[in-house]
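Q: Could you walk me through this one before I set anything up? I would like the helix packing and then the pockets.

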Amino acid sequence: MLTPQEIEALAREAHADQKDKAGRPYAEHLRAVAEGVRHRGGTPEQIAAAWLHDAIEDEALTEEWLTSAALAQETKDIVRALTKRPGEPPEAYARRILSTPGARLVKEADLAHNADPDRLAVLDDVTRARLTRKYATMRALLGLTGPTS
């Protein structure tokens, strides 16, 4: 099995050339989500999934890689659950997350970091408003209430 350090290094390398919407290195987002999962009492499998949660969707790694990777099945299942499919309605995406053990907590940490006011503040007004609505909708679909931190 890959160690936590190997998973982090792999995720950082896979997303090395990627930036977030604010122009920051994407690995900062991955680290924040992994730390958010840890802070919320997540398991090692969930923390591993946090590091890899966007890898397939962003084509940083392939589904074939995930299938054969030396990872716990729970980690693989969570990564697959969090991988948005083209044209997929938010309701279907949320149902898949809710039906996959451990995925909701990882998505909660992802949404919390995505909706961080400091991250959103550097975006233009239209993008900030669109993303704020998108994140609030997903939180509601997942039954997440209360503070986002």
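The chat below takes up a helix, the core and the pockets in turn.

Q: What sort of model is this, and how are residues numbered?
A: It is a predicted model, in which local features need pLDDT of at least 70 and side-chain atom pairs count only at pLDDT 80 or more, while totals for chains, interfaces and linings use all residues. Residues are numbered from 1 along each chain as its sequence is written, and side-chain values use heavy atoms, with hydrogens and water left out.

Q: OK, α7 then: what span should its twelve residues have?
A: Helix α7 covers residues 103-114 and should span 16 Å at 1.5 Å a residue, which agrees with its end C-alpha atoms being 16 Å apart. Helices here are DSSP runs (H or I, at least four residues) numbered from the N terminus, and the expected span is 1.5 Å times one less than the number of residues.

Q: Why call α7 largely enclosed?
A: Because ten of its twelve residues are buried, where buried means under 20% relative accessible area with a 1.4 Å probe and protein chains only. Among them are Ala103, Val106, Leu111 and Asn114.

Q: Which helices do those buried residues pack against?
A: They pack against α2 (26-39), α3 (44-52), α5 (73-82), α6 (90-98), α8 (117-121) and α9 (125-141).

Q: And what does Val106 touch?
A: Leaving aside neighbours within four places in sequence, Val106 is in contact (heavy atoms within 4.5 Å) with Val33, Val37, Gln46, Ala49, Ala50, His53, Ile78 and Leu82.

Q: Switching to the core, which members touch the most others?
A: In the largest nonpolar core, of 38 residues, these are Trp51, Leu52, Val106 and Leu142; such a core is a set of buried Ala, Val, Leu, Ile, Met, Phe, Trp, Tyr and Cys residues joined through side-chain atoms within 4.5 Å. The largest share of this core, six residues, comes from α3.

Q: Now pockets: what volume does the largest have?
A: About 570 Å³, with 31 lining residues, of which Lys21, Lys84, Asn114, Lys134 and Tyr135 lie nearest its centre. A pocket is an open set of points on a 1 Å grid over the protein atoms alone, where a 1.4 Å probe fits, with protein on both sides within 12 Å along at least five of seven lines, and lining residues have an atom within 4 Å of a point.

Q: Which element gives the most to that lining?
A: That is α9, with five residues.

Q: And the second largest pocket, which residues lie nearest its centre?
A: Thr3, Pro4, Ile7, Pro44 and Ala48, out of 18 lining residues, and the volume is about 310 Å³.

Note on methods: Helix = DSSP H or I, 4+ residues; strand = E, 2+ residues; numbered from the N terminus. Buried < 20%, exposed > 50% of the residue type's maximum accessible area, 1.4 Å probe, protein only. Points joined across faces, edges and corners; volume = space filled by probe spheres on them.
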